[in-house]
Structures are given as structure tokens and as C-alpha cells.
Amino acid sequence: MELRTTNICMKNFKSRLPDVTFYSRESEAACGPRGSVVGFSGSVSEKMLSGLHYPGCPEARLRSLREKLPCREVQAGTLLAIMGEPEQYCYPSIFIYGHRATGKSHVILTLLKELELPHAAVSCVECVSAGLLFEQTLLALFGADSAALLPRLPSLSDFVRVYRQVCAQQPAKQTRYIVLERAELLRDMEANLLPGLLRLQELVDDNVAVILLSEIVWDKFRPNTGCFEPLLLHFPDYTKAELLQILSLDSNPSYTPELYSSYINILLGVFYSVCRDLRELRHLAALNFSKFCEPLEKGEAKEGNTHKLWRNIEPHLKRAMQTVYLREVSSVQWGQQQMDEKEATALRGLSALAHVELPYYSKFLLIAAYLASYNPARTDRRFFVKHHGKMKKTSFLKKHEKTSNHLLGPKPFPLDRLLAIFYSVVDSRVAPTASVFSQISSLVTLQLLTQVGHDDQLDTPKYKCAVSLDFILAISRTVSFDIVRYLYDFI
Amino acid sequence: LSSSKWKRDTIVQRILRERFCHQRLPDRPVGLESQYKHLLELLRRTAVHGESNSVLIVGPRGAGKTMLLRCALRELLELQEVKQNVLQVHLSGLLQTDDRIALKEITRQLHLENVVGDKVFGSFAENLVFLLEALKRGDKSSSRPVFFILEEFDLFAHHKNQTLLYNLLDVSQSAQAPVAVVGLTCRLDVLELLEKRVKSRFSHRQIHLLSCMSFCQYLDAFRSELALPDDFPDSKFSQEWNLNVSELCEEKSVQEILQKHFNSCKDFRSLHLLLLLALTRVSVSNPTLRAVDILEASRMSSADSKANILHGLSVLELCLIIAMKHLNDIYEGEPFNFQMVHNEFKKFIQRKSHSIHNFEKPVVIKAFEHLLQLELIRPVDGGVCKVQREYQLMRLMLDHTQVMEALQRYPQCPTDVKQWAISAFG
């Protein structure tokens, strides 16, 4: 088994994590000196088979397990040690936490499947009610007949009763595991569900262990009067080297692994400081690889010419960060755009409101709304009245940066103020016809303005402007209006 | 030879895991002699002499309330007459969330479903009296004694009208049938939760399990919890093991670790957790416990979760957290919104940073939302307002020292980010 690649990553770990002894049952020679971390220290003799320890498990299966769990051997070993042998008791509840895509579900479910331990894997996202959770658990552990014993709208009491009933007929010879993913959603279900599940071993008097997986730390789960504290296990995030190792496993067989590794290096160089989620990075790697290989296919560059390949792919990745990463365009659109020779066509993003075409007066209404929201009312005279005369400087002093309206958010304004500003901003004379008012309503429907206050207030409806500065600058440019001159915060 | 070593290791693990994971009852409760005697006496009076009683066992989580009760029941059931006569009903506040469910459970545990059949009762009291009548022995002179054990007693006090509690305690006061109502709860103020009529029927007998263990007793507990019993098949090994455990107790490093645990939490449950984590490191190649095992177990059990999560954030997210920390420092903890954080971040990028790229606003919003999903920041008003998401007010759920410590441990943190965090005025 290759120890070389793991050594680099494991050196980072050794200082932080407990020493776990790994060895295989077959070879007695595998027992290293007392306390050594076999399989991770540099001076491991070739005779030692490093694998995960599990009694009664053939070596080949342990090896395949190790291959399926790259860079997570330490956590898998700790979990196996806590789980113990199937006939023994395991701690009643274990809470595994860590960032997204750090392998929590993958490790525990792979272990349970490969070692063929009885388990029920339930995702709390699917369980809108507690009854679905109970049904799925009983189904997985005991079969459809026991799940049918549950009444309609079962409570935790019914679940425990049915479990005890079925368990009396099928007593546990091995520890049963109930794995609950996205466990943070349990907090929003009935209040007794989480404390009850943590103590399930005691309540049903059976060899069962509940494993909770979540992104959120345990401190935010604890109920008010306390509960049975589970064993907390942390799955650390992958280091950059480990991400490289795992992402390189996806390599395309038609190119050399070194080429793929250099591609992943470039990808990580662009995205690592923004995102460390393994799933996102895999998705981005898969989407952009064909573009990376374009020069190779066209014959413009050789595999060794990394500089040219880098120059080709880097702007593309930067553009990916603004579009695909933000899910502004779908991966299909992105793929099509890569096929397209002309790169000048800008991608239509989802939230690119700049593509919204508004009529002429609507644009000015929107500009007026923005000015009404972000300028304090007392400054209107200075901006919009043609001959305002001298204004005292003190009343106009620039306030502290903190209270800049652009940081605090838009303020509501009455309709009259909007119209007053509108008439002063529009260069031609406009009659207050119904079409102007209906344009205001359509702006509200487009969610460019929001209506504040009660729907019943027909006399003086109040509005707020809901667009960003970039958007309004783009709009004002199209009507040749210099809005910055009229904004209080930018004097 | 190797297979015998494996078998021995298996037996050690089995015995100790039953103790730590399954909460196997000890032979006698440790350090709770007077409480044990009191409870035993009370239950015996109900079981043997037919006297009705009610008692509350009060103590913090993990203090040993259930353990105490089960030891008392175990000793009592050794008497033949008690074993034949006494019925037990175990209810839990977590399971029986309603009085109706509780009544069904009582019926089921007394095996009276057939007797009740399809009868409809006018009230809870009628139902309960019927059940107790049905327990009368053949000559109809006296009823069998019943123990009602209510775990999470404080949750029963939240039921409507506290009907179950009222009726049970009413039965215990009247001379209808000998019942013992034993409540276990972690709330010290449980009596405040009871209604006046319920409280007046309660005998106000409370057994408190407030641990007053000294550190020497804690060390003794550590030794006895790890000790292998006398009936272990390989007596030589068990003697070596017990000797090793005693030697561990004398070691200074182990004593320091145990002192730290003793200072934060004295109860047996947390001790069991620590011992289990140490036990997971015992195996055939490492057959006895060492001080380093205890050290690693302690480190695992007292790891700071939030610091672990902060370790895995991307650089952009870390910069946002530092920006929020600065806002908290300058404006003394007032809530902030995304625009303010972005403003701080932009100031950093323009003035002080060389290594951080000027990311687009939507990318920064995505990082901000990731922090929101991790619950490191929370909206002030529960987030139901019709406010644009950039202007929604939030609070940071970390404090100054946590952020600075996380920064120390952050892998390959860019130096300009570190400088920015340390500088006083952002």
C-alpha cells in the first residue's frame, strides 16, 4: 500500500491528532513498537501491512476500505475504535461535526456498508415530520413489517414502544447504528426528539447507537435543561495537499496524471482562497478541464508547456468565479460558451438586472426613488430646487462614515416626495397622468421598489428603493444623468 | 498465543465498555450512602408494609439519579415477597408528552389492556382508580403495591392541568392502594413548577444528589472504574492491569489532567466519557493504559469546536470575520450588516493588502452567506423582515479572543491578514 503519498499529509496531522495504532490481524509483525503510529511514521518496515483494524475482517476488505477513504484514515480509525467490536456496546450517541464535504457521511456510511453492520441512514432534510424518521429507521433496521406497526402520526413514545416490541423478538447480536445526517434540523422538530434520540440506548434497552452528523457545533444544539452529552468527534478540513491528492483521483485516462495535477494546481491557485469545499472544486474541475486541454488538442502547445496552458485557462477560471461559481449561469450554458469561438459574447447571468429594459420615465422614477431613499429629506432643497440660495454649511456637514446611508440601507419615503424629486429630475415637462402612477406599481412588481407599511394606506403609500448602487449607475448612464452629483454621501 | 491475547483484549473491552457505555450498575452506589439508605427505606415501606409514599430525587445531569434508583430496586427485588407482589411502571417525560399517552402506557405496563378493553372513562381519575382496583389480589382485601417511576419529572409538570401528577399524588395520599411515586429530575426548582393542589398532595420529600466528592475520592473513583473485576479469566493479567492503573493514578501528568476535569465537571458521566476515549487506544499491541492515552483522551474531549470550525474557513471568509471583529471593536458590539463588513474589507484591500485579490461583490456575498449557514453570524431579528439581504442586521457569534486564537492556529495565514487583525484601528 502506498505510504509515500500519505506521509506528506499525515505529517501535518501528527501533531494535532491522537496516535492511533493501525495494524492487520494476520501478521503479528505488524504490531509496531508500543505507542507508535504504525503506517504514518516515516520509518515503517516493508513487512508491516498498514490497514485499519477490525477483528474478523479479511485483509483485502480492509485494503479496499482504505482506498475508498483517501486522507480520512485517521478519522476512520478513530471511529472504528469507538465503535468497537459488534457484540460490544458502543457509546449511546456520537456527534460528528465538520465543514461541508469533509467526508463525514462518506466515511461512516462506507464503514457501515463494507463491514456489513446493521444500520439505518436517514437524512433529516427528508423528514418533514418525526414520523418519517421513525418509519425509515424501523424499515432499515427491522424490515417493512415493523414499520407497519407504527400508528399514524407516531410520537417518540410509539417509536420506542414498537422498537421494544420488535427488539424482543430480534434481540441485537450486533450494535445497531442509526445515522442521522443534517442533524441541525432536529432542533426545529419536536422538543423531545433530540434528547430522546441521544438517550435511545437507555430508553429501548438495546445495543443501539445514534450517530448525528452536522456542520454546526454542538454548543448550538444543547437543550435548555441539558441532555445526555454525546461523544464529540471532529472531522477536520482537508489541507491543500490533500485536496490536490483527492482531486487528482478524478483524472481523465486520456491524459497523464501529471498534466491533471498541474491543472488542479492552477485551479486551486485561483479558487482556494475563496472556497475549500471539495464538492464545488470537483464540479469546477470537471467543467473546465476541456477548456484547459484545448491548446493540446489544437496542437498549439505540448503537455510540458505549462506556461502557455496557464495563460489559456487562467482568465477562463476567473470568469468562472463570477458566473458558474455563483450559479449565475448553468453548467450547460457554461459548456456551450466554451464551445463558442467568439468569446466576446457576455454571459447572461441570472441576476444581471442590467438586462432589464425599462421605459424612459420608469428609469427616471427609479433614479428619483434611489435619491429619495439615500438622501436625507432636509437636503432635497439643496439638490433639487433651482435657486436655493445660500445653505448654511453646518447643517450640511458630512456625517460620520458609519451613518452613511449607503451602509445603513434605504430609508422609506412617501409618494409625494418621490413625485417631487421626479419632476425636478426629468428634463421635460411631465403631466401627472395615470401612466406615471402605473409605472410606479410595475416597479414594485419588478421588486425594484418595495412597498413599506400597510396595504390599506392608500393616501400616502411609502416605498423604499431596492436596487444597488452599481445598478442605478448603469441605469443613469443610459439616460445620461449624472446621479453621483445628486447623492449626499458622495459630495 | 496471539489468539489468547486477542480474546483477552476482547473481554477487557467488553467489561469496560459495559461500564462506560451501557451504564452498568455498580455493586453499591459510591459516595451516596445516606441517600441510598433513605430511598431504600422508603421503597421498602411501600413494598412490604403497604405504606404510600412520594419522593423526588433531584440532582444535576449525570449525578447518578437513575443509577441510585436502579440499585435500590435491584436490592429490593432480592426479597421474594417483593419480587412476587410489586408492580413497576416506568414513565419518562421525554416519551409520554401527554397525559393520555401516559395513561395508555400505564395500562400497558400493568398488563391491563384486556381488562380495560373498550371501556370509556369519564375522567382521568376514574381510569386510574379502575386500574388500581383491578390490581387487587384475589381476596379483594388489599391491592398490590405499585411503584410509579417518573423520569424527567419536570416535563410532566408542563402537561395540561398537571392531571397525571395530581391523580398519582392523590392516590398516594389517600389510602386506596399502596403506591410509591418516585420522580427524578435535574431541576432544583421543580417544586415551583407544581400547581398548588399538586404541591399540597406531595410529601415534600426530596433526595438531593449534589455531589460533594473531593479530589481524592475522584481519584479513587477513577481507579475503581478502570479496575478489572476479580472473576476475570486471566488473573495474572488483571492483577497487572489493576497495578498499572494504580501507578497511573500516582503519575503527576495524569493527576493534572484529572484535576482539570474535576474542576470543570465532577460527575461520573463525564468521567466515563474520558475513560472510554482512553480505552479506544487500548488494543492487542498496546495492552495496558498509559499516561499518553489519558492525555490524548482529555485533548479530544475538551477540544474547542468553534476553533475547529474556524480552522477550515477560506481566506476570504476569515477576512470577513476579521472585518466584523473590527466593527465590533469600534462600535462596541452593535449589530452590523453586509455593506458595512464589505466596506471594511474594501478598505483593507485598498490600503494594506498585497496578497488578497479584490473579489467581486457577489463572491463576497457568497462567502458571507456561508458564514451565516455555519451560524457564526446570526440575524438580529430572526431574519423575517422584508429587508434587502445586504442590509439585514447581524451579530457575530464569536468574541475577540476566539477570533485571535483561531488566527494563530490558521494554516498558512497571509501575513498582511494577520497584521490587519492585530492592528487597532482596522
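**Figure 1. Gln162(B) in the loop between α8 and α9 of chain B.** In this predicted model, Gln162(B) sits in the loop that runs between α8 (153-156) and α9 (163-173) of chain B. Its phi is positive, at about 50°, although Gln162(B) is not a glycine. Most residues other than glycine have a negative phi. The relative accessibility of Gln162(B) is 4%, under the 20% limit, so the residue counts as buried.

**Figure 2. Leu153(A) in the loop between α6 and α7 of chain A.** Leu153(A) is placed in the loop between α6 (144-148) and α7 (156-169) of chain A.

**Figure 3. Helix α1 of chain B and the elements around its buried residues.** Helix α1 of chain B covers residues 2-20. At 1.5 Å a residue its 19 residues should span 27 Å, and the end C-alpha atoms are 27 Å apart, so expectation and model agree. The buried residues of α1(B) are Trp6(B), Asp9(B), Val12(B), Gln13(B), Ile15(B), Leu16(B), Arg17(B), Arg19(B) and Phe20(B). Within chain B, these buried residues pack against α12 (215-226), α13 (235-250) and α15 (268-279). They also pack against α3 (73-83) of chain A.

**Figure 4. The interface of chain B and chain A.** On the chain B side 73 residues are in contact with 80 residues of chain A. The two chains bury about 6900 Å² between them, and 55% of this area is on carbon and sulfur atoms. Trp6(B), Leu94(B) and Leu95(B) supply 10% of the area that chain B buries against chain A, more than any other three residues. Trp6(B) is also one of the buried residues of α1(B).

Figure 5. The elements giving two or more residues to the side of chain B that touches chain A are α1, α5 (99-109), α15, α16 (291-301), α17 (305-311), α18 (315-331), α19 (338-351) and α20 (361-373) of chain B. Of these, α1(B) gives the most, with nine residues. By class, this side of chain B has 25 nonpolar, 25 polar and 23 charged residues. Two salt bridges are found across the interface. In a salt bridge between Lys366(B) and Glu280(A), the closest N and O atoms are 3.0 Å apart.

**Figure 6. The salt bridge of Glu41(B) and Arg44(B) in helix α2 of chain B.** Glu41(B) and Arg44(B) form a salt bridge, with 2.7 Å between the closest N and O atoms. Both residues belong to helix α2 (residues 33-49) of chain B; being three residues apart, they are separated by about one helical turn. An α-helix has 3.6 residues a turn, so residues three or four places apart point the same way. Glu41(B) is partly exposed, at 32% relative accessibility. Arg44(B) is likewise partly exposed, at 31%.

**Figure 7. The salt bridge of Glu51(B) and Arg45(B).** The closest N and O atoms of Glu51(B) and Arg45(B) are 2.9 Å apart, and the two residues form a salt bridge. Glu51(B) counts as partly exposed, with a relative accessibility of 32%. Arg45(B), at 25%, also counts as partly exposed.

**Figure 8. Salt bridges in chain A.** Arg100(A), Glu215(A) and Asp277(A) are joined into one network by salt bridges that share partners. The side chains of Glu202(A) and Arg199(A) meet in a salt bridge with an N to O distance of 2.9 Å. Here Glu202(A) is partly exposed, with a relative accessible area of 29%, whereas Arg199(A), at 9%, counts as buried. Over all chains the structure holds 39 salt bridges.

**Figure 9. Chain A as a whole, for orientation.** Chain A has 20 helices and eight strands. Of its 491 residues, 53% are buried. Among the contacts in chain A with a separation of 6 or more, 70% are between residues 24 or more positions apart.

Key: Residues are numbered from 1 along each chain as its sequence is written. Chains are lettered from A and ligands numbered from 1 in the order in which they are written. Side-chain values use heavy atoms; hydrogens and water are left out. Helices (H or I, at least four residues) and strands (E, at least two) are DSSP runs, numbered from the N terminus. The expected span of a helix is 1.5 Å times one less than its number of residues. Buried means under 20% relative accessible area, exposed over 50%, partly exposed in between (1.4 Å probe, protein chains only). Contact means heavy atoms within 4.5 Å. Buried area is the accessible area (1.4 Å probe) that two parts lose on being put together, summed over both. A salt bridge is a side-chain nitrogen of Lys or Arg within 4 Å of a carboxyl oxygen of Asp or Glu. Ala, Val, Leu, Ile, Met, Phe, Trp, Tyr, Cys and Pro count as nonpolar, Asp, Glu, Lys and Arg as charged, and the others, Gly among them, as polar.
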